[in-house]
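Trainee: Can you walk me through this one? I'd like to go through it piece by piece.

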There are 2 protein chains.
Amino acid sequence: MSEAKAAKRPQYFEDFPVGAVFAFGSVSLSEAEILVFARQFDPQVMHIDPVAAAKGPTQGLIASGWHTGSIAMRLYADHILPENGLPGPGVDELRWHQPVRPGDTLSMRVTVTDARVSRSKPDRGVVNVFSEVLNQRGETVMSMKPINFFRLRPAR
Amino acid sequence: MSEAKAAKRPQYFEDFPVGAVFAFGSVSLSEAEILVFARQFDPQVMHIDPVAAAKGPTQGLIASGWHTGSIAMRLYADHILPENGLPGPGVDELRWHQPVRPGDTLSMRVTVTDARVSRSKPDRGVVNVFSEVLNQRGETVMSMKPINFFRLRPAR
């Protein structure tokens, strides 16, 4: 498997061969951003109250897992999805391995694990990937297995 | 399985017996909210450009799947998680079945599918659920299988 920082942004099914690895992104997360997201979507003590969180099981404020997932979505959309793409059907094995804390910087590594032309809709392919979100120490903080639909490259 | 709209908010492992069903929530989503979330986290045409989306595969603007997931998280946090709980390890089989569109009203149904005391940490239990997000027509727009950790009820 080669670490292929695509010079050219992938766009079609054919740009995602099995074994391809895409590495990208660098997003830093502030305490204020963690609080804003969590107050709206995940108001648990560990995500909205730095003082109480310091005394709790997370030993400090941590980002909502849905915040980390949404940041991964943004990196994904910015780097490897076509702008005008197809909606994806879902994600398997979403896992939060390590806490994401204020000041952490996140990046992504996406490995293509399976790719096949759709039988029911032959204008598109189904691409399975293993996506990892890494922090500035190279630790995997989140991983997941999204399922993607990409259009086939048009015949010339 | 009984439709148990818990009069009392569940709090401990013992409040989640296998077969219990929790139904709750009513959140309406405006076009503006869909756009705000998507501009930040999922800037694909189908989520940020109503005019172009109308001509695309989604036949109109649809909410980011991570937005729907984050709303589900909020409903979850407001209705069945203890305020000062434990972080969850992840989610299996996250699926987006139907588009969520401006004006839709979402609610949730959560069914306990497995519950067991943790072997490694006997102060807590592991609770598996099947969570469905429904729209105002009763259609399942999203489903997932989150894994939850809950503390055991303290002995009196």
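Trainee: What stands opposite A:Gly90?
Mentor: A:Gly90 faces B:Arg95, a residue in strand 2 of chain B. Strands here are DSSP runs of E of at least two residues, helices are runs of H or I of at least four residues, and both are numbered from the N terminus. This is a predicted model, in which local features need pLDDT of at least 70, side-chain atom pairs count only at pLDDT 80 or more, and totals for chains, interfaces and linings use all residues. Residues are numbered from 1 along each chain as its sequence is written, while chains are lettered from A and ligands numbered from 1 in the order in which they are written.

Trainee: How many bridges join strand 2 of chain A to strand 2 of chain B?
Mentor: Four, and the two strands run antiparallel. Strands pair if DSSP finds at least two bridges between them.

Trainee: How many residues does the contact take from chain A and from chain B?
Mentor: Chain A gives 31 residues and chain B gives 31 residues. Contact requires C-beta atoms, placed from the backbone, within 7 Å of each other.

Trainee: And which element of chain A supplies the largest share of that side?
Mentor: Strand 2 of chain A, with seven residues. Helix 2 (45-48) and helix 4 (65-79) of chain A are also among the elements that supply at least two residues each.

Trainee: How do the residues on that side divide?
Mentor: Into 16 nonpolar, nine polar and six charged. Nonpolar covers Ala, Val, Leu, Ile, Met, Phe, Trp, Tyr, Cys and Pro; charged covers Asp, Glu, Lys and Arg; the others, Gly among them, are polar.

Trainee: Changing topic: where is A:Gln59 found?
Mentor: In the loop between helix 3 (50-55) and helix 4 of chain A. A:Gln59 has a positive phi of about 50° although it is not a glycine. Most residues other than glycine have a negative phi.

Trainee: Buried or exposed, A:Gln59?
Mentor: Exposed, with 12 other C-beta atoms within 10 Å. The cut-offs are 20 or more for buried, 12 or fewer for exposed and partly exposed in between, counting other C-beta atoms, placed from the backbone, within 10 Å of the residue's own.

Notes. Two residues are in contact if their C-beta atoms, placed from the backbone, lie within 7 Å.
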